Amino acid sequence: MSKLVIYHGSKDIIEKPYYHGGKAENDYGFGFYCTESLDLAKEWSCSNNENNGFANKYSIDIAGLKILDLTENRYSILNWIAILLKHRTFDLINEISKKAKEYLIEHFYIDVNEYDIVIGYRADDSYFSFARDFINNTISIRQLSHAMELGWIGKQVVIISKLAFGNLHFEGFETADKLEYYIKRKARDEKAREDYMKGTRKDPFISNDLFVTDIIRREIKDGDSII
């Protein structure tokens, strides 16, 4: 399949997204952030219950494009964390978290600017807090991986390169009712947090769990079979 249909949730109708837009501090840096799910786009468009949002629809020809799909088995959750650490601002509360940022970026970071499209997790409020707990050595890789499945926040498709923007075609939009989709968005995030605090974060310790201090101490690097 050479054509992908994606949606961008926004308070605006965006017929022509522009290259190098958005913020450098987004999950994957500058890019146009989309999803293959119409419902998720509608939820993302309603950040409050004051205004309706819009799910802008696009098609993109991906033939010949270089795609980094972080959900593939050859990549680990640590690649995603390293990319997040490179672009997002984390509260580094102690020396462990500071060293973790430095180590993970050095050994697991993938330069997204070498790709046309990036596919990966969306670090909304709840997922970002899970990542922060891992950096602060509160949870293990196993717990983090489990937490990323909570609430099904979904993966995002990020248009990165000028070439990819040139292949993007606006196909129309659907309106997202502010009351319906703000409530859905809020409920999804709260459910993920609740399941995390009552379940995942309290999982019993397993002897082969890897915490960020173990990764640093044992000098584990990208591609090591233990991950």
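The buried residues of helix 1 are covered by elements that include strand 1, strand 2, strand 3 (53–61), strand 6 (155–159), strand 7 (168–176) and helix 7. Here, buried means under 20% relative accessible area, exposed over 50%, and partly exposed in between (1.4 Å probe, protein chains only). Helices (H or I, at least four residues) and strands (E, at least two) are DSSP runs, numbered from the N terminus. The model is predicted: local features need pLDDT of at least 70 and side-chain atom pairs count only at pLDDT 80 or more, while totals for chains, interfaces and linings use all residues. Residues are numbered from 1 along each chain as its sequence is written, and side-chain values use heavy atoms, with hydrogens and water left out.

**Helix 1 and helix 7**

- Helix 1 is mostly covered, with six of its eight residues buried; these are Leu40, Ala41, Lys42, Glu43, Trp44 and Ser45.
- Helix 1 packs against helix 7 (residues 178–198) at an angle of about 95 degrees, and their axes lie 8 Å apart. Axes are lines fitted to C-alpha atoms, for helices over the stretch in contact, and angles run from 0 to 180 degrees between N-to-C directions.
- The two helices are therefore roughly perpendicular to each other, a term for angles of 65 to 115 degrees.
- On the side of helix 1, the contact (heavy atoms within 4.5 Å) is made by Asp39, Leu40, Lys42, Glu43, Trp44 and Ser45, and helix 7 contributes Tyr181, Lys184, Arg185 and Arg188.

**The largest pocket**

- The largest pocket has a volume of about 900 Å³. On a 1 Å grid over the protein atoms alone, a pocket is an open set of points where a 1.4 Å probe fits, with protein on both sides within 12 Å along at least five of seven lines; lining residues have an atom within 4 Å of a point.
- Of the 31 residues that line this pocket, His8, Gly9, Asn26, Tyr33 and Arg122 are the closest to its centre.
- Strand 1 (3–10), strand 2 (32–34) and helix 1 (38–45) each supply at least two lining residues, and strand 1 gives the most, with three.

- Ser97 belongs to helix 3 (residues 95–108) and is buried, with a relative accessible area of 0%.
- Beyond its neighbours within four places in sequence, Ser97 is in contact with Leu92, Ile135 and Asn136.
- Pro17 lies in the loop between strand 1 and strand 2 and is buried, with a relative accessible area of 16%.
- Leaving aside neighbours within four places in sequence, Pro17 is in contact with Phe32, Tyr58, Phe165 and Leu168.

Methods
Grid points are joined across faces, edges and corners, and a volume is the space filled by probe spheres set on the points. Angles under 35 degrees count as roughly parallel, over 145 as roughly antiparallel, 65 to 115 as roughly perpendicular and the rest as oblique.
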